[in-house]
Amino acid sequence: MPFRAAATTTSASPSFQATAPTLAVGDLLFLIQVSDRPSGMQTPSGGWIPLAQVSTEGSRTSVWWRTAEVSEPSSYTCTQGAAGDSVVIVAAISGASSATPRVTSARSSGSQILSPAGSLPSGTATELRVATGASAFSNTATWAAPSGFAERAQARSQVYTSAVLATRTITSPGSTGEALFEASASLADLHAITILVPQQDATGGGSDTPPPTVPALPADARQVHYTYVFCDLRTDELICKDLDLKDVSYERRIGEAGTFSAGILIPEDDEGVTAAKVARILPRHPEDISTGPGRTVVHVYRNGVVWGSYIIWSASVSRQGRGPISVSLSGASLESYLTHVKIRKDLTFTATDQVEIARSLLHEMQTEARYDIHLQMQAGTTDVLRDRTYLASESSTYGDRLAELGKVDDGFEWCIQVVDNGDGTRTRVWTWGYPTLGSDATNYKFQEPGNVLSWQEDVDATRGGTAFQTRGESIQDDASSTSEPLVSDVVLAEDHIDAGWPGLDVTADYSSVTEVTTLNAYATWWATNRAGTVRVHQATVRLEPNSSFGPGNLGDRVTVMLANTWWPIVAGVASFAKRWRVVGLAFKPPTKGAGQEECTLTFQEAED
């Protein structure tokens, strides 16, 4: 039976725990949340990927999805605005294929809503139908599931919201038709979402489906195990996963590429076995263009979960004296690919939501097969409209324009996530958060003495300023005169100026911008984020082998407490206790058979 289980949670708290249902490793999980105070709704803890969102004036329904992992938690942290009322349903589906679920949605009011039809191109699928309701007055409504569907979960919050989940199995391709949900009372906001989850065939996915990439580990595993899976960048077809890498380090960052580096030793006494393995990702001869740097990606698995995916951009082979031959690999995360593709046609957007512009850029990039790296897009909008023009003559890259688009006043954050589907395949998803990624509700703590191994604080006034101006496209109305760029107003760091700071000027260039209002928004972003000195805080910590903290927590807040001679204990309390947002992660796996895994967290300075 593809549907395994569902669990419901209701809460009127700004932050609460949503219970996980009965599940198994590899199950496809869906978390559905409806709240009448959606301003505080953020991606739940645990590495969820946004799938759908329906909003009306008084409520929002959001759906996230992910694959159940070896160390799956028993609950997930969910959030909402103050005085909000939420219902959460978490459902587990077994036997799902690696294809992304198909989603449609609708909104209405009253006591009835038609959940829209889905479309199944082939095979079989589990169809999930969700209906939610909200009212400004007490919501006492109960739901009746559509005819032909099995009701799987239903819950009503303490006052204002309610939700129901129903499923059925689809065995023939084509439209699945509309389905009617009925509530026992009239409601101001009604949302309906249809989710089609393609199922594996009777053989578990077909004879062409490869076996699981990384074997599942016991949930109580007490050691850290890394596997490095090398694949083709465009097709993600397996090249090899049996290389013994040493001195590995890898990073994850928000909105920019993280680095990767590793080494391989080729011994003299293994009859060329290691050398042959390395040649599969680093060809010996230049005429062999079937693999190698520029077209090879390595997926880093930690205890069976993808913690990073990196394009190998360069490699070197060397030998010193009579020592072993050594190979070094260098790369960067998938975000780096976007800076290697130029915008080759003029693109204009008028009064368009900023994340829709971002998605349009990525869709345009992947239109030609040679640039298609199979990025899927998170849905939804920020309700922030932008005007943008990108000219082919500027020879800019998609990555540069995405970075500029997000780093503006009232902008957004983004990154690329890779999820293992449990059948040897992976899904790449471009995800975003507005105004930021991550959650404020997480409760991870790192302490010295304890699991903090080292820490560092850099204070740099050369990276900041107190007066900011941005420059845009050069404007030339008269061919006989010299062109001059558009410039923004000068935006001051008022608090620093009032405190007696000197004038420190910063000018940033945005050559494609043709509107002064846009330049002013960029200048405001700089004044907000780069006022005075730039402080960069880092802490290197020890993670438990089964730690739930990892790359999926980028953007989350953690608590750092230090007690030492620089930060002494005062009146029995640590004088350094900060709650900061994680904007970067750098990992050093343990060496084979020895050593300690290190995780270096880079923080965005924030209020305590």
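## Surface and overall form

Accessible areas come from the Shrake-Rupley method with a 1.4 Å probe, and for residues only the protein chains shown count as cover. On this basis the accessible surface of the protein comes to about 27,000 Å², and 48% of that area belongs to carbon and sulfur atoms. The structure is a predicted model, in which local features need pLDDT of at least 70 and side-chain atom pairs count only at pLDDT 80 or more, whereas totals for chains, interfaces and linings use all residues. Residues are numbered from 1 along each chain as its sequence is written, and side-chain values use heavy atoms, with hydrogens and water left out.

The radius of gyration, taken over C-alpha atoms, can be set against a globule rule of 2.2 Å times the number of residues to the power 0.38. For 608 residues a compact globule would have a radius of gyration near 25 Å, and the protein, with 26 Å, agrees with this. Along its principal axes the C-alpha trace spans about 75 × 70 × 70 Å. Buried residues (under 20% relative accessible area, with exposed meaning over 50% and partly exposed in between, for a 1.4 Å probe and protein chains only) make up 50% of the 608 residues. If a contact means heavy atoms within 4.5 Å, then among contacts between residues at least 6 apart in sequence, 72% join residues at least 24 apart.

## Strands and an open sheet

Helices (H or I, at least four residues) and strands (E, at least two) are DSSP runs, numbered from the N terminus, and the protein has five helices and 39 strands. Two strands pair if DSSP finds at least two bridges between them. Five strands form an open sheet with antiparallel pairing, in the order β1-β7-β3-β5-β4. Because β1 (3–11) and β4 (49–56) stand at the edges with a single partner strand each, one side of each is left without a neighbour in the sheet. The twist from one strand to the next averages 15 degrees, where axes are lines fitted to C-alpha atoms, for helices over the stretch in contact, and angles run from 0 to 180 degrees between N-to-C directions.

Within this sheet, strand β3 (residues 28–35) pairs with strand β5 (residues 59–67) in the antiparallel sense over eight bridges. Ile 32 stands opposite Val 63 in β5.

## Salt bridges

A salt bridge is a side-chain nitrogen of Lys or Arg within 4 Å of a carboxyl oxygen of Asp or Glu, and a search of the whole structure finds 20 of them. In one of these, Asp 236 and Arg 426 have their closest N and O atoms 2.9 Å apart. Asp 236 lies in the loop between β16 (226–232) and β17 (238–240), while Arg 426 lies in strand β27 (residues 426–433), so the pair ties together parts that are 190 residues apart in sequence. Asp 236 counts as buried at 14% relative accessibility, and Arg 426 is buried with a relative accessible area of 12%.

The side chains of Arg 280 and Asp 242 also meet in a salt bridge, at 2.7 Å from N to O. This pair links distant parts of the chain, 38 residues apart, with Arg 280 in the loop between α1 (273–279) and β20 (296–302) and Asp 242 in the loop between β17 and β18 (246–253). Arg 280 is partly exposed at 32%, and Asp 242 counts as partly exposed at 38%.
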